[in-house]
Amino acid sequence: MAKFFYLNAENLSSLPANVAVPSYNRDLIKTSILHIGVSNFHRSHQAYYIHELIDKYKELNHGICGVDLLDSDRKIYNILKDQDGLYTLYTKESNGAHKAKVIGSVVEYFYGPENPLAVIEKMASPEIKIISFTIAEDGYLLNEITGAFDINHPAVSDDVKNPFNPKTVFGYLTQSFKLRKARNLPGCTLLSCDNIKSNGDTMKQSLFDYVSKTAPELLDWITKNTSFPNTMVDRITPITNSNDISMLKDDFAISDQWPVVCEPFSQWVIEDKFVHARPNLEKVGVQFTKDIGPYENLKLRLLNASHSILGILGTLHGYKTVYEAASDNDFMFFLKSFLDDEVTPTLTDSNNERITEYKNSLVSRFLNPHINDQLFRICQESSAKIPLFILPTVKHQLLNDQNIKRAAFVIAAWAKYNDGVDDNENSYNILDTMSGTLIRTAALSIQNPIKFIEIKAIFGDLSQNETFASSYIEALMQLRANDVKSCIKKMILN
Ligand code: CS2
């Protein structure tokens with residue numbers, strides 16, 4: 001077997017010339033960002049931007065201290081510890097060029113379940129100026145029906161009983177803010193990098209609700225000493241598979257236990273409201289804005305909605321990847337007409353040029369044959385995604401008496417998707433916090449189609465809208481009687 005090197009600080013200088021390695025001395029880096037949730041996405045996005053900033057502009061004061069809080073994060077914790085925080089960003093371009101870059105910006109790493117007090121201390125430390133997050137939709141503890149913070153969530157009661165061994169991000173923040181206040185230290189910026197609407201505002205709302213219940217005496221201090229910029233984050237980051245690990249070994253002589261694969265495209269837009277002088281991220285392509293709304297709407301309603309559509313329709317047909325589904329002309333035709341006729345009219349806060357450019361770039365991103373983005377990943381947690389990616393479009397269109405036919409078809413296809421069997425009779429798993437309800441209601445909808453859109457936590461009272469309900473019911477009946485591909489073809493002809 002060809003020679004390869006385990007990825008760690010000691011071996012960095014031995015890696016072959018086709019691997020980009022940090023040009024900076026990692027020992028000189030100071031951490032001013034503490035990031036909670038060192039996911040693949042954090043590693044392909046924020047940690048990459050910070051790496052670029054340090055690498056190209058020697059801004060050594062912006063190192064990242066990674067923190068994970070979940071029991072399920074033990075694997076990444078152990079690997080990053082083993083690899084001195086280093087990992088490979090494996091970028092795959094459409095033309096077949098593959099690039100390996102070792103990212104060095106995560107220089108410290110803590111694991112909450114192992115040592116919660118160390119995490120609280122680090123979060124309170126004055127050198128930490130930004131606490132950032134990728135904690136996924138569930139991390140915000142929102143009530144499924146009301147969308148407000150779920151103060152009765154068991155993890156919150158658990159935190160109240162064990163304040164120094166919290167389960168929630170909010171428990172950690174509260175304890176660290178108590179220390180900052182008692183020690184007369186400055187506050188910090190709380191930077192959510194989750195792909196949810198108004199992520200900064202959501203973080204603020206959840207934190208304030210939590211603190212009102214558990215430590216109301218802190219509210220005033222938090223109001224005066226923190227800020228919550230909203231952000232738009234974007235980079236397609238598929239699940240790493242064993243093939244990627246072997247290809248890195250064969251082509252770049254790196255043995256990395258958990259590299260991150262990504263597309264070349266990347267975008268990060270941030271509202272410019274930081275408590276302290278912020279990293280000069282504009283030098284590495286980050287955009288700063290006063291209003292995130294237009295960027296967010298483009299991303300969620302065009303890109304993420306397209307993903308969900310390809311994911312649901314593609315899975316029903318038996319496709320496995322975004323690339324396969326996007327290469328099918330019928331699927332693509334359906335998708336493009338959804339984007340043009342149903343989404344575009346809702347994007348009133350963006351100009352036409354920006355919308356067209358964005359839509360064109362989407363198609364080429366989906367058609368990158370080297371990004372093996374699994375439909376399985378896309379369809380995970382659809383119950384949190386559909387209300388965010390597709391239903392705002394539906395609501396906007398209904399309010400304006402405009403077309404919702406394709407959206408109704410997608411929702412009907414999602415009902416059928418929850419049967420767990422594709423058009424070739426192959427079964428697949430439904431990975432969703434609400435899978436019980438989804439599967440049960442999909443089964444009930446065989447007799448009574450409306451049942452599925454009566455799930456209030458997802459659809460609110462949409463089932464009472466006759467225009468939507470009738471389009472949806474018609475689509476579901478078609479889909480129950482025919483395969484998804486013929487239904488799409490029929491829609492194209494009409
Ligand atoms: C995807 C996103 O999870 C999903 O449904 O649409 O993860 C998508 O790949 C990212 O938002 C791209 O930035």
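**Salt bridges, domain interface and enclosed spaces**

Asp 244 and Lys 92 form a salt bridge whose closest N and O atoms are 2.8 Å apart, a salt bridge being a side-chain nitrogen of Lys or Arg within 4 Å of a carboxyl oxygen of Asp or Glu. Because Asp 244 belongs to helix α9 (residues 242-252) and Lys 92 to strand β5 (residues 87-92), the pair ties together parts that are 152 residues apart in sequence. Helices (H or I, at least four residues) and strands (E, at least two) are DSSP runs, numbered from the N terminus. The model is a predicted one, in which local features need pLDDT of at least 70 and side-chain atom pairs count only at pLDDT 80 or more, while totals for chains, interfaces and linings use all residues. Residues are numbered from 1 along each chain as its sequence is written, and side-chain values use heavy atoms, with hydrogens and water left out. The count of salt bridges comes to 27.

We turn next to the domains. An automatic or database domain assignment gives domain 1 (5-289) and domain 2 (293-493). Taken over C-alpha atoms, the domain centres are separated by 30 Å. To the contact (heavy atoms within 4.5 Å), domain 1 brings 32 residues and domain 2 brings 26 residues. About 2300 Å² is buried between the two domains, with 56% of this area given by carbon and sulfur atoms; buried area is the accessible area (1.4 Å probe) that two parts lose on being put together, summed over both. On the domain 1 side, Asn 195, Lys 197 and Ile 236 supply 24% of the area buried against domain 2, more than any other three residues. Three salt bridges are found across this interface.

On a 1 Å grid over the protein atoms alone, a cavity is a set of points where a 1.4 Å probe fits but cannot get out, and a pocket is an open set with protein on both sides within 12 Å along at least five of seven lines; lining residues have an atom within 4 Å of a point. Grid points are joined across faces, edges and corners, and a volume is the space filled by probe spheres set on the points. Four cavities of 30 Å³ or more are present, and the largest cavity has a volume of about 60 Å³. Its lining includes Ile 236, Glu 263, His 307 and Arg 365. Arg 365 also forms a salt bridge with Asp 234, with 3.0 Å between the closest N and O atoms. At least two lining residues of the largest cavity come from each of α11 (322-326) and α13 (352-366).

The second largest pocket holds about 380 Å³ of space. Among its 17 lining residues, Lys 405, Glu 474, Lys 490, Met 491 and Asn 494 are the closest to its centre.
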